[in-house]
Amino acid sequence: MTDSLRFIPLGGLSEIGMNCAALASGDTVFAIDCGVGFTDELGADMFHPDFAWLEEQRDRLRAIVVTHGHEDHIGALPYLLKRVRVPVYAPPYAAALIRDRLREHRLEDIDLRVGSAGSRFEIGPFTVERFAVHHSIADATGLILDTPVGTVVHTGDFKIESEPCAGQLFDRERLEEVARDGVRLLFSDSTGADVEGTSNLECTAEDALERWVARSPHRVVVATFSSNVFRLRAALRIARAHGRKVCLLGMSVRNHTEVATALKLVPPIDSLLVSAEVSATLPRHEVMIITGGTQGEPRASLTRLAREEHSYLHLSEGDTVIFSSRIIPGNELAVLDVINRFERRGLEVITRREHPEIHASGHGSREEQRSMLRLLRPEAFVPVHGTHRHHRRHAELAREEGVAQIELVENGKVLEVTRDSLELVGSVPVGRVYVERMEPLGKGVIEDRRAMASGGLVTISIAMKDGRLKSSPRVLARGVVGTDIRSRVEQKVANHIRDKLKGRSFTRHELAEEIAIEAARRFLIHHHRKRPLIAAAVVEAS
Ligand SMILES: [Zn+2]
Ligand SMILES: [Zn+2]
């Protein structure tokens with residue numbers, strides 16, 4: 001048998017977020033990243049990939065390798081580790097976040113192996129080496145994989161900055177060295193494939209932030225992605241330089257500041273910090289509030305400030321809110337609502353829309369993706385992270401750069417890689433598991449909630465004696481028709497069900513319940529064009 005390698009993405013390849021893929025060769029499987037996606041749909045907070053296939057591989061599954069600490073790369077680790085225990089390899093910043101998360105989930109004795117860029121380790125026939133990439137979090141790495149079919153490079157999330165700020169590293173020389181020996185296959189981040197040119201620089205965002213802070217007469221709120229240590233460090237430096245005390249608002253900003261200080265990524269800041277209570281008593285021009293919640297999340301501190309629902313802090317006319325962030329697609333309305341609430345009260349709101357320099361994305365645009373292709377000159381190319389459209393746009397670039405073999409892969413597809421071919425050879429089951437307050441929602445819960453939210457709920461109680469209908473069923477409809485006609489409709493549905501069950505004898509309750517549900521379903525579609533969730537229960541009368 002010739003040497004081969006299989007790549008099986010379980011998430012992140014038909015969508016943005018929820019990154020998780022498996023690499024397999026012989027009797028070794030390992031996962032690269034294990035992330036979540038966020039939602040506020042139907043009571044769920046997030047979702048993670050369906051791990052059923054990985055669980056089936058438990059005898060071959062040797063490790064999970066994390067590229068960096070963003071939630072869409074680490075957030076699902078506790079859920080997978082509750083099912084399979086394998087070592088987790090992570091760079092330092094990600095490891096600190098993972099440790100917190102495992103503690104929250106009371107997961108003990110996880111074998112967490114911490115290594116920075118440049119570190120190497122072996123997993124079965126694979127040797128894995130980390131290399132540093134620029135990204136919007138500290139310690140972001142890509143992976144150089146020595147595999148049975150040659151060298152495979154996975155970029156992780158990346159950008160390439162022409163003027164990196166302190167602590168932003170990119171191992172260009174190492175990649176040049178690897179390219180000289182030949183790269184069989186490149187997996188590269190496609191998130192920025194729709195954006196021409198190069199991405200904004202982190203140091204430009206810092207300069208813009210400083211200009212706006214300098215110009216603000218009263219309180220300044222800096223809303224940013226709290227995992228971006230570079231931006232956090234910039235805001236803290238600017239506060240100090242402009243004589244402002246800092247109030248860290250929200251769990252996430254406080255956690256990241258703590259981790260960043262412990263890892264010495266930001267200088268000591270104790271003398272700078274004040275509580276929300278104290279900041280409310282200081283002169284307004286001496287206060288900077290740093291907060292997350294840039295996506296208009298309903299429970300975020302920034303949203304509470306916008307709604308004037310915060311216990312201590314009340315912003316007022318003349319204060320400035322700077323969104324040093326971008327809107328993640330899908331959150332536009334929520335963010336606009338927050339902005340409108342501030343502006344209506346006479347606050348100045350600075351966003352990327354009017355001032356593009358106020359934010360720098362963590363993902364490279366097309367020219368940076370092109371640079372990566374030129375740097376590595378791979379024989380084969382597979383775009384990863386992002387939707388199908390991002391992959392197609394990224395594949396165009398690879399074609400322009402003369403890459404011979406290109407394959408677009410989606411979640412659940414199995415890509416087989418040999419020394420000279422790439423081929424889709426099958427598929428594995430994939431899906432989403434929704435999570436509510438740290439507990440996975442069981443199968444069918446979200447579907448039921450969706451049906452109830454869009455069509456309402458109908459319950460049917462059926463009294464039976466000795467397998468026969470004892471009295472007319474009782475039907476309750478909620479959220480289906482208006483209260484003015486509700487009892488009439490309930491009665492009609494009940495009559496219809498009664499006619500279907502009357503005179504029959506049932507040895508199984510389930511059969512009577514199925515017939516009742518089907519009768520109600522047809523009746524409500526036919527007469528009212530309604531599709532509620534319908535539940536039925538037989539009660540045996542004594
Ligand atoms: Zn990332
Ligand atoms: Zn990502």
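Helix H13 (residues 388-400) lies across strand S13 (185-189), strand S19 (380-384) and S20. H13 runs at about 155° to S19. The model is predicted. Two open sheets are described here: one of seven strands with mixed pairing, and one of five strands with parallel pairing.

- Strand S9 (120-123) and strand S20 (405-406) stand at the edges. Each has a single partner strand, so one side of each is left without a neighbour in the sheet.
- Strands of a sheet pair through backbone hydrogen bonds, in either the parallel or the antiparallel sense.

- S9 and strand S10 (residues 126-132) run antiparallel and are joined by four bridges.
- Phe121 has Val128 in S10 as its bridge partner.
- Strand S11 (residues 141-147) pairs with S12 in the antiparallel sense, over five bridges.
- Leu143 stands opposite His154 in S12.
- The link from S11 to S12 is a hairpin of two residues.
- S12 and S13 run parallel, joined by three bridges.
- Val152 stands opposite Leu185 in S13.
- From S12 the chain crosses through H5 to S13, and this β-α-β crossover is right-handed.

**Burial around the crossover**

- Helix H5 (residues 172-181) is hardly covered. Of its ten residues, the count of buried ones is one.

**Five-stranded sheet**

- The order here is S15-S16-S14-S17-S18, with parallel pairing in an open sheet.
- The edges are strand S15 (245-249) and strand S18 (348-350). One side of each is left without a neighbour in the sheet, because each has a single partner strand.
- Neighbouring strands of this sheet are turned by 20° against each other on average, direction ignored.
- S15 and strand S16 (residues 287-291) pair in the parallel sense, and five bridges join them.
- Val246 stands opposite Met288 in S16.

- H6 lies across strand S14 (220-224), strand S17 (320-324) and S18. H6 runs at about 175° to S17.
- Two packed helices are described by the angle between their axes and the distance between the axes.
- Helix H6 (residues 202-215) packs with helix H7 (residues 229-241) at an angle of about 30°. Their axes are 10 Å apart.
- Why do H6 and H7 count as roughly parallel to each other? Angles under 35 degrees count as roughly parallel, and the angle here is about 30°, so H6 and H7 are roughly parallel to each other.
- The crossing of H6 past H7 is right-handed.
- On the H6 side, the contact is made by Glu202, Ala205, Glu206, Leu209, Glu210 and Val213.
- On the H7 side, the contact is made by Phe230, Arg231, Ala234, Ala235 and Ile238.

Methods:
Residues are numbered from 1 along each chain as its sequence is written. Chains are lettered from A and ligands numbered from 1 in the order in which they are written. This is a predicted model: local features need pLDDT of at least 70, side-chain atom pairs count only at pLDDT 80 or more; totals for chains, interfaces and linings use all residues. Two strands pair if DSSP finds at least two bridges between them. Two residues are in contact if their C-beta atoms, placed from the backbone, lie within 7 Å. Axes are lines fitted to C-alpha atoms, for helices over the stretch in contact, and angles run from 0 to 180 degrees between N-to-C directions. A residue is buried if 20 or more other C-beta atoms lie within 10 Å of its own, exposed if 12 or fewer, and partly exposed in between; C-beta atoms are placed from the backbone. A crossover is right-handed if, with the strands pointing away from the viewer, the path from the first strand over the helix to the second runs clockwise. Angles under 35 degrees count as roughly parallel, over 145 as roughly antiparallel, 65 to 115 as roughly perpendicular and the rest as oblique. A crossing is left-handed if the near helix is turned anticlockwise from the far one by less than a right angle, and right-handed if clockwise.
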